Amino acid sequence: MTGLVIVGHGTRSAAGVDQFAALVDRVRRRGDTGDVEGGFIELSRPPLTDAVGALVGRGHRALVALPLVLTGAGHGKGDIPAAMAREQRRHPGLSYRYGRPLGPHPLLHTALEERVDAALAGADRAGTFVALIGRGSTDPDANAEVAKVARLLWEGRGYAGVEPGFISLAEPSVPAVLERLRRLGARRIVVAPYFLFAGVLPDRIVAQSAEFAAAHPDLDVRVAEVIGDCDALADLVRERYAEALGGDIRMNCDTCAYRVLMPGFADKVGRPQRPHDHPDDPVGHHHHHGHDHDHHHQDQGSVAVVGGGPGPDDLITVRAKALLDAADVVVVDRLAPQGLLAGLRPDVLVVDAAKVPRGPSMAQEAINAALVSHAKAGRRVVRLKGGDPYVFGRGHEEVQACVAAGVPVTVVPGVSSAIAAPALAGVPVTHRGVAHDVTVVSGHLPPGHPDSLVDWAALARARGTVVLLMAVDTIAKIAAALIEHGRAPETPVLAVQDAGQPHQRSVPARLDEIGAVAARADIGPPAVFVLGPWSLLRPPGPLTDYSLRAVSGPVTRSSSGSVEAMTPRQAANPTTTIT
């Protein structure tokens with residue numbers, strides 16, 4: 001039977017994630033929709049890629065992808081199909097049928113009716129007005145669907161009236177629709193969130209309703225629960241699954257602003273669609289300017305300070321890649337994975353921060369200003385840095401600048417070259433019984449520099465591993481200072497250049513010779529120097545890493561002057577003299 005992947009948008013609400021998971025499990029237990037998994041396109045776990053990967057791993061090559069959305073707006077029309085297209089690239093040969101949005105549907109209307117009646121707790125329907133509150137969209141067709149559901153909820157159910165409203169991006173707002181009902185003579189109002197699960201926006205509906213009620217004590221204002229995990233919703237998912245399998249996919253395109261030119265929405269037709277963030281998303285903005293009439297949620301950009309890892313394109317985190325895929329602006333360092341830039345959308349603005357050692361440099365203040373200005377213009381900005389942004393990356397300075405300017409900012413950790421470069425060269429920076437500590441040090445300033453904060457004497461006394469970053473120009477002075485303070489001259493050092501790249505080089509030397517050896521070998525940035533007892537850990541065979549070669553033993557010098565790795569017999573005797 002064809003597998004089913006239920007696709008949600010994602011939320012910061014733990015309760016909403018739990019309700020989504022419970023629904024997926026409820027559908028799975030029915031047993032008539034095949035193999036079932038659920039995942040989110042952003043914000044929440046599990047991600048869609050894990051859900052699809054699990055189904056593919058169990059042998060499925062054809063799926064039904066069902067968008068768990070109530071209306072066909074940007075997420076259902078653009079974002080989820082784009083996410084599934086990425087899964088098809090990840091799993092060649094994978095095909096899928098795309099289900100249609102859940103609403104409008106009688107099962108949903110009945111569920112809404114039950115939630116309203118639960119809030120009424122026996123009170124008379126005839127004296128009750130209902131405010132049906134949708135999410136709100138920059139797609140007028142989606143907002144029209146909410147108005148349609150409001151009318152369908154009114155028909156035949158005996159309520160005094162049902163009026164639609166929206167919590168974001170569309171009018172009327174919650175206070176506006178409640179005021180409209182008050183002027184129509186309402187004395188009892190049930191606010192019904194047209195939402196599947198708990199989340200930040202349903203919480204906001206509750207808060208705004210309570211605020212309005214407090215200002216109008218003559219009104220009886222109650223808030224119903226969201227639809228939530230229930231049998232009716234599971235039944236509807238099964239029905240949409242069957243429709244997709246049968247090819248019966250009916251979606252309204254007559255008033256779809258993604259296909260038809262609608263007044264005020266000319267920015268949609270024929271344009272690449274991008275994720276549409278709402279106020280319950282961390283980035284807190286949307287891409288279509290001029291249609292948000294809620295003054296509390298004006299278009300607002302964001303900044304993500306992202307660690308790109310040690311260099312290879314595929315050593316970046318999943319979260320970082322997702323942010324790059326959705327970025328409007330990418331401010332990039334030279335040490336960030338350059339290959340990732342080729343995968344950006346054509347309309348993405350790439351700003352080169354030109355942070356090149358010993359070369360031209362864009363002042364940090366200018367970088368901070370660029371991040372803030374682009375975010376304040378409503379753009380989603382990714383600051384792509386090499387390694388980890390908080391390991392000698394000045395990432396926190398950029399975060400502080402964003403916070404000071406009132407710009408939403410998040411940090412995505414990266415794989416630091418301090419750990420990755422030695423590992424890719426076959427060197428563990430810690431190992432049981434050999435090295436119980438590792439110290440990561442900036443070599444940007446040499447020993448003795450008045451601005452240096454490094455205690456070189458303490459480092460010389462350390463028994464563990466020392467990893468030096470940004471030390472190409474200072475390695476000789478650092479080695480001399482460590483030896484002066486007591487570190488053994490024969491301490492092995494490995495210089496790893498261009499870690500993870502096909503042209504990675506690993507050059508070994510003694511501590512007292514690393515300066516001369518690095519200069520003779522023309523070691524240049526990006527390079528990492530690792531020194532310490534790792535020499536005792538020579539692996540029995542070559543490191544399996546596709547095209548990378550590892551040098552991971554103590555070193556000796558041949559009669560010709562070239563640097564070579566020690567033999568195992570030499571390694572067993574740490575006092576071996578290098579001639």
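Select Arg90 to begin: with a relative accessible area of 48%, Arg90 is partly exposed. The model on screen is a predicted one.

**Stop 1: Arg90 and Glu87**

Now colour the pair by accessibility. Glu87 has a relative accessibility of 4% and is buried, because the limit for that class is under 20%. Arg90, at 48%, is partly exposed.

**Stop 2: Arg238 and Asp32**

Next, select Arg238 and Asp32. Their closest N and O atoms are 2.5 Å apart, and the pair forms a salt bridge. Where in the chain do Arg238 and Asp32 lie? Arg238 is in helix 8 (residues 231-246), whereas Asp32 is in the loop between helix 1 (14-30) and strand 2 (36-40). Arg238 is partly exposed, at a relative accessible area of 26%. Asp32 is also partly exposed, with 33% relative accessibility.

**Stop 3**

Side chains of opposite charge can pair when their charged atoms come close.

**Stop 4: Asp220 and Arg222**

Move to Asp220 and Arg222. This pair also forms a salt bridge, and the closest N and O atoms are 2.9 Å apart. How accessible is Asp220? Asp220 is partly exposed at 28% relative accessibility. Arg222 has a relative accessible area of 23% and is likewise partly exposed. To go on from here, note that the structure as a whole holds 35 salt bridges.

**Stop 5: Gln208**

Finish with Gln208, in helix 7 (residues 200-215). Is Gln208 buried or exposed? Gln208 is buried, because its relative accessibility is 15% and the class takes values under 20%. Display the residues around the side chain. With neighbours within four places in sequence left aside, Gln208 is in contact with Ile167, Val174 and Pro175.

Notes. Residues numbered from 1 in each chain as written. Predicted model: local features only at pLDDT ≥ 70, side-chain atom pairs only at ≥ 80, totals over all residues. Heavy atoms only, no water. Helix = DSSP H or I, 4+ residues; strand = E, 2+ residues; numbered from the N terminus. Buried < 20%, exposed > 50% of the residue type's maximum accessible area, 1.4 Å probe, protein only. Contact = heavy atoms within 4.5 Å. Salt bridge = Lys/Arg side-chain N within 4 Å of Asp/Glu carboxyl O.
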